[in-house]
Structures are given as structure tokens and as C-alpha cells.
Amino acid sequence: MPAIGSDAGLDSGLEPGLDAGLEPGLDPVPLFDPRTFVGGVPHDLIADLRAHAPVQWVPEPELMGWEAGPGFWAVLTHELMNRVLRDPGTFSSHLGGTQIRDPQTAAMLEFVQRMMLNQDPPQHTRLRRLLMRSFTASAVASLEATISARAEGLVSAVVDRGRADFAKEVSAELPLLTLADIMGVPTEDRMLLFDWSNRVIGYQDAEYAGSDAFDPATGTQMARRSLEVRAQIRPGPDGRMPDPRSREGLADMYAYAHDLATYTRANPGSDVVSILLAADDAEGGITNEEFETMFFLFAVAGNETLRNGIPGGLWALLQHPDQLERLLAAPELLPGAIEEMLRFIPPVVHFRRTATREVSLGGRLIGAGDKVVVFHVAANRDPAVFAEPDRFDIERSPNDHLTFGAGPHFCLGAHLARRQMSAMFTEALWRMPNLRLDPAKRPERLLSNFQHGFKHLPVLWDVPAAAPTPPSGTAA
């Protein structure tokens with residue numbers, strides 16, 4: 001039951017169902033069920049729920065191996081999402097973490113609370129400041145130059161084929177390579193990042209849960225040691241593997257992060273992580289344990305979000321050929337088109353906060369300890385902010401989407417994400433003429449209620465007789 005079922009809630013005189021925010025005739029459970037998102041975001045349901053109330057109570061029934069949970073408040077408007085994200089004193093990232101599902105044990109909760117993503121000021125402020133200082137102008141400039149070259153190489157590898165799985169064979173490598181550059185991870189180990197993010201984000205998707213794309217024959221000694229640790233991860237008494245969001249479930253990644261930190265401190269380079277590990281100011285440098293949890297944030301969030309954002313953006317364009325035609329005719333529209341892609345099909349479905357006190361939000365009485373979940377996919381189509389919100393318009397202005405969040409946890413990688421999207425679309429759209437979905441194969445979405453993305457996006461294009469030249473001046 002929600003915490004609102006306390007004395008304060010009972011004294012309100014509301015019926016229990018209404019007190020919990022349940023609307024007659026509307027079932028909000030699909031917002032919680034990962035299977036829903038295999039067919040796409042339920043925008044019609046979100047619109048109907050929001051029309052009744054901007055904040056809705058969503059039960060957490062037992063499903064897909066999950067035990068029943070206490071339920072949560074879904075925040076469905078742009079204004080209220082902004083309010084929640086900008087008020088960490090009332091809506092905490094730390095109390096219960098930032099995922100809908102509660103950690104299974106107190107020890108697991110204590111572990112995830114150490115991550116920067118799951119901290120509130122001032123602890124969060126210290127780590128974020130150290131990280132921001134590490135993205136020096138020279139480091140970012142080096143990354144940006146490399147991003148363009150990498151995008152060109154990835155498209156060149158397939159352009160003469162006339163067909164590809166864009167999600168898997170073209171766009172997936174770019175964020176992996178960029179992350180490897182940021183973190184000082186040897187290029188030959190980058191597919192470990194791919195496997196780790198798959199296991200965490202797609203742990204309910206059979207294809208992702210057993211991800212094993214890394215070839216140990218080509219990896220470093222650090223990689224081989226991490227695989228030895230992975231081999232020791234065993235099922236528990238219930239026959240299930242440890243939750244990949246726990247330290248036990250991803251012990252191989254943390255072992256690798258520890259080895260990487262030790263090596264980088266002794267052999268610093270010019271990458272962002274070398275700068276971060278060398279930092280030593282009045283607040284103290286970053287510890288190895290802090291780096292290990294930050295490595296998780298880079299390896300999973302930094303990879304998966306963009307990996308889903310690029311194919312999602314292409315899918316949106318291909319679903320709206322009139323907009324694609326306008327963009328091809330006017331390449332200077334690409335920065336705005338990227339913003340509309342991010343608004344229209346955000347890769348992150350939601351983030352959770354926990355109420356630190358009883359508070360009124362959108363006409364609902366939220367109890368202390370209640371889960372409050374902001375839905376990016378809802379805020380980005382709020383008709384109070386976006387005219388014709390279900391229309392994909394590459395010239396939409398203003399476009400105040402919340403795909404990168406707001407407040408203290410606004411995405412640190414927003415600039416580099418935009419830069420990677422710009423580089424990839426500059427290469428793909430103008431070097432793959434008549435780019436279109438492959439009618440013989442269906443796109444496949446990830447089984448997840450957290451990340452919305454395409455595992456597979458089969459596309460075709462006309463093989464050019466001569467190599468087309470991408471337009472200049474399209475950088476976001």
C-alpha cells in the first residue's frame with residue numbers, strides 16, 4: 001500500500017481507490033510492465049491518464065519474476081517533472097535509488113546509494129564537480145575530433161552493402177568507442193562495456209541478459225581477469241543469478257574498474273578518467289571505490305542511452321518521410337532535428353525519486369517514503385508545453401524537452417550525446433541514399449520499462465555509384 005495510507009491519508013475522507021490515485025476505467029499498470037514497451041510507448045494511455053490527473057498512482061503487481069511492490073506515483077506533466085527533479089530536498093535520489101523497483105536487500109540499497117546517480121547534495125555536488133572539472137576544454141576537443149572520424153568509419157564499413165542492422169552494426173559502436181576514449185579503456189576491451197550495459201539494462205530480455213559479445217582472445221590482461229571473476233558468479237539458492245544491479249551480480253565489472261583505476265593512477269594519460277583520478281583539491285580526490293561506482297555510471301548510462309537514442313532518432317525520421325526530405329534538402333536543420341528526435345522518442349522512459357516528507361503534488365497527497373516516478377516519455381508530449389505533441393517536427397521551436405533531465409542530475413553527457421548524434425546522422429543520412437526500413441525484417445525493441453530502444457533496426461539504402469560528400473556545418 002502507498003504511504004499515503006497513513007493516518008494523514010485516512011483522515012482526508014477520500015475513498016481508498018481515489019486516495020491512491022486510481023481512475024475508474026483506466027489501468028495504469030502497463031506503465032510498469034516491461035512487456036508494454038516492446039510494442040512502443042503507450043502514449044494514448046499516458047494522455048488519458050494525464051487528462052484525469054497529472055499524477056497517477058500505479059500499482060506494482062507480481063509479474064515476470066518480480067515480486068509485488070508497494071506501488072508508485074507517476075508524474076506525467078512537464079511542469080511537475082521539473083518541480084520534482086529540481087527539488088532534491090523533497091524528492092530524494094538517495095533514499096531509495098533511482099529505479100522503480102526497490103533494491104532486494106538493505107545491503108543492495110546501501111551499495112547503490114554510493115553511486116553519484118543515487119546521491120543528493122552535498123555528496124552528489126562534490127562528485128559532480130570533480131567530474132565536470134575533468135572534462136577539460138582540451139579533452140573535449142580531442143573527443144569531438146575523434147567522434148567525427150569514428151562515425152565516418154562506421155558508415156564506411158557498411159555503405160557498399162546496401163543493407164544493415166542500423167542499431168547493432170552501425171550506431172552501437174560509436175558510444176562504445178567514445179566511452180573507451182573518455183575512460184581510458186583499451187579499444188580491444190570495449191565490447192566488455194557492451195556486455196555489461198546489456199546485462200544491467202536488459203536483464204529481463206533474453207537476448208541481452210546473456211550478452212557475451214566480448215572476445216577474450218583479443219582483450220587485455222585486465223579483461224581476462226574480469227572474465228575470471230565473472231566465471232565465479234553463481235546462481236543463488238533460488239536458482240537465479242544475482243541481480244545485475246548489485247555488486248555481486250556485476251562483480252566482473254567492478255573488478256575491471258578497480259584494475260583500471262590502479263593502472264591509470266600509475267600511468268596517467270590525457271583522457272577524462274586520468275584527469276579525474278589525478279584530481280586532488282580541498283574536497284579530496286576521488287577514491288577507488290567512488291571510481292568503481294562512477295565507472296558503472298559511464299559504462300551503463302553513458303552507453304545505453306545514446307545507443308538507443310541514435311536508432312530511435314532514425315526510426316522517427318523514417319516514420320516521417322516528409323521530415324526526412326526536408327532535412328536532406330536543408331542540412332542546417334540537423335541540430336533542431338536532433339532535439340526533436342530526443343523529444344519525440346527519448347531513450348530513458350523514467351527516473352524515480354523518493355519523497356522525504358508528506359507533500360502535495362498535482363493535487364495528490366504524497367506520503368513520506370512514497371516512490372515518485374517522473375516519466376520523460378510523458379513530459380516530452382505534454383500538450384501544455386508542446387503544440388501538437390504527437391507531431392514530429394524537425395523545426396519545432398521552442399523545444400524544451402526533458403530528455404536529459406533537469407536540476408542537480410541534469411545529464412553531464414548531454415553535449416557529447418548531441419555531438420555523437422550529429423556525427424552519425426551527418427554520415428548516414430547523406431551517404432546512404434534512399435535510406436528506408438527493410439520491409440522484409442521487423443524492428444525489435446528492448447524488453448524494458450526503463451530504457452526504450454531498438455535492439456534491431458534493419459534498413460536498406462541505394463548503394464551510391466560514387467561516394468557522396470556529407471554536408472558541412474551540421475554539427476549540433
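Buried residues are those under 20% relative accessible area, and the legends below apply that cut-off to a predicted model.

**View 1. Helix α9 is largely enclosed by the rest of the structure.** Because 10 of the 11 residues of helix α9 (residues 173-183) are buried, the helix is largely enclosed by the rest of the structure. The buried residues of α9 are E173, L174, P175, L176, L177, T178, L179, A180, I182 and M183. Just after α9 comes G184, whose phi is positive, at about 70°.

**View 2. F291 and F295 belong to the largest nonpolar core, which has 114 residues.** Within this core, F291 and F295 are the residues that touch the most other members, and helix α15 (residues 288-319) supplies the largest share of the core, with 14 residues. When neighbours within four places in sequence are left aside, the contacts of F291 are A257, L260, A261, V273, L276, L277 and I286. Another core, of 20 residues, lies apart from it and includes L26, I46, A74 and L76.

**View 3. Helix α10 (residues 190-201) packs with its axis within 12 Å of that of helix α12 (residues 221-230).** The axes of α10 and α12 cross at roughly 30°, and because angles under 35 degrees count as roughly parallel, α10 is described as roughly parallel to α12. On the α10 side the contact is formed by L192, W196 and R199, which meet A223, S226, L227 and R230 in α12. By residue class, the contact of α10 with α12 comprises 4 nonpolar, 1 polar and 2 charged residues.

Key: Residues are numbered from 1 along each chain as its sequence is written. This is a predicted model: local features need pLDDT of at least 70, side-chain atom pairs count only at pLDDT 80 or more; totals for chains, interfaces and linings use all residues. Side-chain values use heavy atoms; hydrogens and water are left out. A nonpolar core is a set of buried Ala, Val, Leu, Ile, Met, Phe, Trp, Tyr and Cys residues joined through side-chain atoms within 4.5 Å. Buried means under 20% relative accessible area, exposed over 50%, partly exposed in between (1.4 Å probe, protein chains only). Helices (H or I, at least four residues) and strands (E, at least two) are DSSP runs, numbered from the N terminus. Contact means heavy atoms within 4.5 Å. Axes are lines fitted to C-alpha atoms, for helices over the stretch in contact, and angles run from 0 to 180 degrees between N-to-C directions. Angles under 35 degrees count as roughly parallel, over 145 as roughly antiparallel, 65 to 115 as roughly perpendicular and the rest as oblique. Ala, Val, Leu, Ile, Met, Phe, Trp, Tyr, Cys and Pro count as nonpolar, Asp, Glu, Lys and Arg as charged, and the others, Gly among them, as polar.
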